[in-house]
Amino acid sequence: MSIFKTLLLASAVVLGASDVHAQQEAQGLGIEEKPSLWGATDDKAEKFRALMQAADDLALDSIQYDTPPQDRAGLAEKAMRAYEAASELNPESPEPHFRAAMVSNQFATEANFPAPRALDRAIAHLEAFENLAALDPRLPSVYFQRSILRTKRDGKENLEKGVADYESQLALIDQSAIEARVQTGIILSNRAELLMMLGRLEESIASYEQALEFGDAITHGYGLAVALDRDGQGFRARQVARKFALMDTGNALGVNGTFYTPAGEVFYYEAIRAESLANYRLAETAYRAFLQRLPNSQFAPQARKNLEAVKPKAKSQPAPKRPRLPVIRRPF
């Protein structure tokens, strides 16, 4: 069971439906309300509870295994609209914002490059939650999620705010706890990536090195190698890349949950990794792919320099042999 599903199941237990007035409010959003288990109190509070319950039910329906895939996004959108309507009824409650952002993360903003409008909508909900729930224990996860959304949104302002979110999260978690080591390493590595994209290479390198103190995660090592190369420390960059490439039984650059912003950035990582393994033909191909997709990148000059350096090595390197096809003999 995912964290998202656990959250919604818990909320469905806590929040009940309401009376006929609340049912009419929910039906105005195209929501079928369930019978009430609560006594009548303040009409506005009843409507709020009804909308929250309806939104929770819709969100749960959107992730059920028996829900047709083509219906899930529509149910999630209805859930978000119900949470937003609940927030209008009770602007002081942080909960609708938190749950709306969770639903968005499951559907609208889960992809590597979601629509900017969906990202802005989810970010606004998380900002509202922070403003309304300054002492909520879920804030560390909110900071992490919001930084991921801001990274996908891209642009200097978003990246700077993303760095600030990671720093806020680091200030709230116990970095000395054994169970927090992996999480802390991921936060520091993600922070380092944003610092690199902002051109703050010295800070980026330091953050990657800190991340590696919390465990030899292969992607942290590749990130450090790329930052070092872009900082003009080519020899050390390839030493670091080789160390982690030899630990990499597959190719950690393409693991699920890893994304690269902007699109095409991953090819620089692939090139450094290939160079460290003396696969100069692949390195040349990867540098060309990076420059084709990001010709105006701040790191394009270094990529062109690296490309020129690997060209003669790639040319002198024998091409990989094509596997021979089996000979099929026809029976007489």
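1. The charged end of K152 sits over the ring of F259, 5.3 Å from the ring centre. A charge is taken to sit over a ring if NZ of Lys or CZ of Arg is within 6 Å of the ring centre and within 35 degrees of the ring normal. R230 likewise lies over the face of Y268, at 4.1 Å from the ring centre.

2. The model is predicted: local features need pLDDT of at least 70, side-chain atom pairs count only at pLDDT 80 or more, and totals for chains, interfaces and linings use all residues. Residues are numbered from 1 along each chain as its sequence is written, and side-chain values use heavy atoms, with hydrogens and water left out.

3. Y268 also takes part in ring pairs that link Y268, Y287 and F290 into a cluster. Rings of Phe, Tyr and Trp (its six-membered ring) pair if their centres lie within 6.5 Å; planes under 30 degrees apart count as stacked, over 60 as edge-to-face and the rest as tilted.

4. A search of the whole structure finds 5 aromatic pairs. One of them, F98 with F129, is tilted, at 5.2 Å centre to centre and 45 degrees between the planes. F98 belongs to helix 5 (residues 95-106) and F129 to helix 6 (residues 116-132), so the pair ties together parts 31 residues apart in sequence. Helices (H or I, at least four residues) are DSSP runs, numbered from the N terminus.

5. F98 is buried, at 5% relative accessibility, as is F129, at 0%. Buried means under 20% relative accessible area (1.4 Å probe, protein chains only).

Key. Helix = DSSP H or I, 4+ residues; strand = E, 2+ residues; numbered from the N terminus. Buried < 20%, exposed > 50% of the residue type's maximum accessible area, 1.4 Å probe, protein only.
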